[in-house]
Amino acid sequence: MTEDKVALRARMRAARIAFAGTADRAPTPSPEFLARLGPGLTVASYVPMAGEADPSALARAAVEAGCVIALPHVTTRDAPMRFLAWDSEDDLIPGVFGLHQPHHESPALAPDIVLTPLVAFDAALNRLGQGAGYYDRAFAAFPRAWRIGIAWSVQRVEALPVEEWDLPLHAVVTEQEWITS
C-alpha cells in the first residue's frame, strides 16, 4: 500500500527541515534558466520558511537580467493566491500561515516563470505541496508560465500520487542538479 499524502507530507517536511540545517549550498541558476530571462518578464519567487530551499540566487539572476519579481500574497484559505510586485527595498508584511508577503496594495502581476516551493517531487516532475492547493490553482490560472520547483535533493521520492488537477513542473532545481522534462 502506498503512503497517503498526509503521512508523506509529514515525513518529507521533517526530512526537508533536517537537511536544510546541513545544506552547504543553495540551488543556483542553470544556463537554460538564464537563457529564458529577459527585461520585462515577471518571475514569481517566494520567501522560504520551514526548511524550504532558498530561491534567492535565481531571483537575483532574474533581477540582473531585467526581470520584475513578484511574491505570493495569500489572504484566506479559500481566496486564490496572487503574485504581487516586489522590490528588494520594499518591506514585507506578515501574512497567513507565517508568510512574508508584499503589501496588499502592490500591483498584481501575471508570472512568466514561477519558482515554487514544494514538499516532495518525483522523476516525472510531479510536485507535492503543502496541501492547500494555492500553487495548483496558480498553475491553472497561468498555464503558460514556466514552473520550476525549488527543492533539496532529499525531497525526491520514487513516485507521487497525482490528482486530475495537478500540473507537473517543467523543471526542479536542487543543491545538486537541474532536472528538466
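**Entry 1: the tryptophan pair**

Is W178 buried, partly exposed or exposed? I looked it up: W178 is partly exposed, at a relative accessible area of 21%. The scale I use calls a residue buried under 20% relative accessible area, exposed over 50% and partly exposed in between, with a 1.4 Å probe and protein chains only.

A note on the source before I go on. I am reading a predicted model, where local features need pLDDT of at least 70, side-chain atom pairs count only at pLDDT 80 or more, and totals for chains, interfaces and linings use all residues. Residues are numbered from 1 along each chain as its sequence is written, and side-chain values use heavy atoms, with hydrogens and water left out.

Next I counted ring pairs. There are eight aromatic pairs in the structure. Rings of Phe, Tyr and Trp (its six-membered ring) pair if their centres lie within 6.5 Å; planes under 30 degrees apart are stacked, over 60 edge-to-face, and the rest tilted. W146 and W178 form a stacked pair, because their ring centres are 6.5 Å apart and their planes meet at 15°. I traced W146 to strand β9 (residues 146–150) and W178 to strand β11 (residues 178–180), so this pair ties together parts that are 32 residues apart in sequence. Helices (H or I, at least four residues) and strands (E, at least two) are DSSP runs, numbered from the N terminus.

W146 is buried, at 7% relative accessible area. I also found R36 over the face of W146, 3.8 Å from the ring centre. The rule for a charge over a ring is NZ of Lys or CZ of Arg within 6 Å of the ring centre and within 35 degrees of the ring normal.

Which residues do ring pairs link into a cluster? I noted F83, Y135, F139 and F142. R147 lies over the face of F139, at 5.6 Å from the ring centre.

I then checked helix α4 (residues 134–141). Its residues Y134, Y135, D136, A138 and F139 are buried. Their cover includes β2 (68–73), β3 (82–86), β6 (113–117), β8 (127–128) and β9.

**Entry 2: helix α1**

I compared the length of helix α1 (residues 5–20) with expectation. The expected span is 1.5 Å times one less than the number of residues. For the 16 residues of α1 that gives 22 Å, and the end C-alpha atoms are 22 Å apart, which agrees.

Which residues of α1 are buried? I listed L8, R9, M12, R16 and F19. Seen down the axis, they fall within an arc of 105°, so they line one face of α1. The arc is taken over the directions from the helix axis to the C-beta atoms. V6 and A18, on the other side of α1, are exposed. The buried residues of α1 pack against β7 (120–121) and β8.

At the start of α1, I found a side-chain oxygen of D4 within 3.3 Å of the backbone nitrogen of V6.

**Entry 3: S45, α3 and the loop between**

Where does S45 lie? I placed S45 in the loop between β1 (42–44) and α3 (56–64). S45 is buried, with a relative accessible area of 4%. Leaving aside neighbours within four places in sequence, S45 is in contact (heavy atoms within 4.5 Å) with P55, A59, I69, A70, L71, P72, L115 and Y135.

In α3, I found L58, A59, A61 and A62 buried. Down the axis of α3, these buried residues fall within an arc of 160°, so they line one face. G66 follows α3 and has a positive phi, near 95°.

I also looked at A50, in the loop between β1 and α3. Its phi is near 50°, a positive value in a residue other than glycine. A50 is partly exposed, at 46%.

F97 is not a glycine, yet its phi is positive, about 60°. I found F97 in the loop between β4 (93–94) and β5 (100–101). F97 counts as partly exposed, at 45% relative accessibility.

Last, I turned to L71, which sits in strand β2. L71 is buried, with a relative accessible area of 2%. What does L71 touch, not counting residues up to four places away in sequence? I wrote down S45, Y46, V47, R82, F83, L84, W86, L92 and P102. The C-alpha atoms of L71 and M81 are separated by 9.8 Å, and the two residues are ten apart along the chain.

Terms used: Polar contact = N/O pair within 3.5 Å; in protein donor to acceptor, adjacent residues only side chain to side chain.
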